Amino acid sequence: MSDPPARPVLAASIAVFRDGRVLVARRARAPALGLWSLPGGRIEPGERMAEGALRELAEEVGVTAEIVGFVDHVEHIEHDPAGLLRAHAVIAAFAGRWIAGEPTPSAEISDIRWVDPLAPGDLAMTRGLEAVLARAARLVAGAAA
């Protein structure tokens, strides 16, 4: 059994858009094992959040993108069956446009899909992802206008 986190982890993720669709990834590791989410992970010391989102995107799925803007922050708090804190992360979610690379699974990602951001289907997603996708879609559409 591992010790509970001493403090929240700072992380970043990115909703990458290409041809009107957004990239979602199925997590191959905890936290959120098996759930669909956005590529992302921990911010490194000295790294800006947007830089971290782009780095994690490249590391996890092999895609390059440009940041369009900040979407929202998401808090992931997970407890074990006894109620003890298992994980706590604050995730800065960004929206971006695909530049290059075909997404491929990795040790952290078991599957990848391009979905309609306003109707992603019945995927088992991380809490709040549908709202983040809708806000990111509006941000990207507004930036293109």
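Where is Asp 19 found? Asp 19 sits in the loop between S1 and S2. The model is predicted.

**Asp 19**
- Asp 19 has a positive phi, near 55°, and is a residue other than glycine.
- Most residues other than glycine have a negative phi.
- Asp 19 counts as exposed because its relative accessibility is 75%, and exposed means over 50%.

**Helix H2**
- Helix H2 covers residues 129–144, which is 16 residues.
- The buried residues in H2 include Leu 129, Val 132, Leu 133 and Ala 134.
- Ala 136, Ala 137 and Val 140 of H2 are also buried.
- Strands S1 (9–18), S2 (21–27) and S3 (36–37) are among the elements that cover the buried residues of H2.
- The cover over those buried H2 residues also includes strands S5 (64–79) and S6 (85–100).

**S5 and S6**
- S5 and S6 pair in the antiparallel sense, over 14 bridges.
- Ile 67 has Gly 96, in S6, as its bridge partner.
- The two strands S5 and S6 form a hairpin, with five residues between them.
- Gly 83, in the turn of this hairpin, has a positive phi of about 90°.

**Glu 56**
- Helix H1 (residues 49–61) contains Glu 56.
- Glu 56 counts as buried because its relative accessibility is 6%, and buried means under 20%.
- A polar contact of 3.1 Å joins the side chain of Glu 56 to the side chain of Arg 55.
- With neighbours within four places in sequence left aside, Glu 56 is in contact with Gly 40, Gly 41, Arg 42, Val 61 and Glu 108.

**Largest pocket**
- The volume of the largest pocket is about 920 Å³.
- The lining of the largest pocket has 41 residues, and the closest to its centre are Arg 27, Pro 31, Gly 41, Ala 89 and Ile 91.
- At least two lining residues come from each of S1, strand S4 (40–42), H1, S5, S6 and H2.
- S6 supplies the largest share of the lining, six residues.

Methods: Residues numbered from 1 in each chain as written. Predicted model: local features only at pLDDT ≥ 70, side-chain atom pairs only at ≥ 80, totals over all residues. Heavy atoms only, no water. Helix = DSSP H or I, 4+ residues; strand = E, 2+ residues; numbered from the N terminus. Expected span 1.5 Å × (residues − 1). Buried < 20%, exposed > 50% of the residue type's maximum accessible area, 1.4 Å probe, protein only. Contact = heavy atoms within 4.5 Å. Pairing = 2+ DSSP bridges. Polar contact = N/O pair within 3.5 Å; in protein donor to acceptor, adjacent residues only side chain to side chain. 1 Å grid on protein atoms, 1.4 Å probe; cavity = no way out; pocket = protein on both sides within 12 Å on 5 of 7 lines; lining within 4 Å. Points joined across faces, edges and corners; volume = space filled by probe spheres on them.
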